[in-house]
Amino acid sequence: MKQLSAKEVETLLVEGQPLNLIDVREVDEVETGKIPGAIHISLGLLEFRMHELDKSQDYIMVCRSGARSGRACQFLESHGFKVTNMTGGMLAWEGETK
């Protein structure tokens, strides 16, 4: 599984790289703030909403600590998606949140 640290993701965003971020945390967790531009699809709904994703795109999965996003990566990879796990999750995120 490909991985990027929270700091590496933040650097890519600051540099203006177009990133497809998917936040797989629960609704109450996302209400405390998420990375600007991230799409919220909680892990439990990922199976039912993966039709909204494009297999030709790369996605970076985000959660609180990196564990659920890791599971999301494994699931999506098994369905042919190109995904990267943001290690450390939002606990390691020091950038802007909305």
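Modeller: Start with strand 4 and strand 5, which four bridges join.

Colleague: What makes strand 4 and strand 5 a pair?

Modeller: Two strands pair if DSSP finds at least two bridges between them. Strand 4 and strand 5 have four, so they qualify. They run parallel. As an example, M61 has N85 in strand 5 as its bridge partner.

Colleague: What sort of model is this, and which features count?

Modeller: It is a predicted model, numbered from 1 along each chain as its sequence is written; local features need pLDDT of at least 70 and side-chain atom pairs 80 or more, while totals for chains, interfaces and linings use all residues. Side-chain values use heavy atoms, without hydrogens and water.

Colleague: How do you know where a strand or a helix is?

Modeller: Both are DSSP runs, numbered from the N terminus: helices are H or I over at least four residues, strands are E over at least two.

Colleague: What makes strand 4, helix 4 and strand 5 a right-handed unit?

Modeller: The test is the path from the first strand over the helix to the second: with the strands pointing away from the viewer, clockwise means right-handed. Strand 4, helix 4 and strand 5 form a right-handed β-α-β unit.

Colleague: Why is the pair D23 and R25 called a salt bridge?

Modeller: The limit is a side-chain nitrogen of Lys or Arg within 4 Å of a carboxyl oxygen of Asp or Glu. For D23 and R25 the N to O distance is 2.7 Å, so the label holds. A search of the whole structure finds four salt bridges.

Colleague: How do you know whether D23 and R25 are buried or exposed?

Modeller: Buried means under 20% relative accessible area, exposed over 50%, and partly exposed in between, with a 1.4 Å probe and protein chains only. D23 has 1% and R25 has 4%. Both are therefore buried.

Colleague: What about E10 and K7?

Modeller: Their side chains meet at 3.4 Å, N to O, so this too is a salt bridge. Both lie in helix 1, three residues apart, about one turn. E10 has 16% and is buried. K7 has 47%, so it is partly exposed.

Colleague: What does the salt bridge of E29 and R68 tie together?

Modeller: The closest N and O atoms of E29 and R68 are 2.8 Å apart. E29 lies in helix 2 (residues 27-30) and R68 in helix 4, so the pair ties parts that are 39 residues apart in sequence. E29 is buried at 17%. Beyond four places in sequence, E29 contacts R64 and R68 (contact being heavy atoms within 4.5 Å).

Colleague: What makes a nonpolar core?

Modeller: It is a set of buried Ala, Val, Leu, Ile, Met, Phe, Trp, Tyr and Cys residues joined through side-chain atoms within 4.5 Å. The largest here has 14 residues; I22, L53, Y59, M61, L76, F81 and V83 touch the most other members. Strand 4 and helix 4 each give two or more residues. Helix 4 gives the largest share, three. Apart from this core lies another of ten residues, among them V9, A38, V62 and M90.
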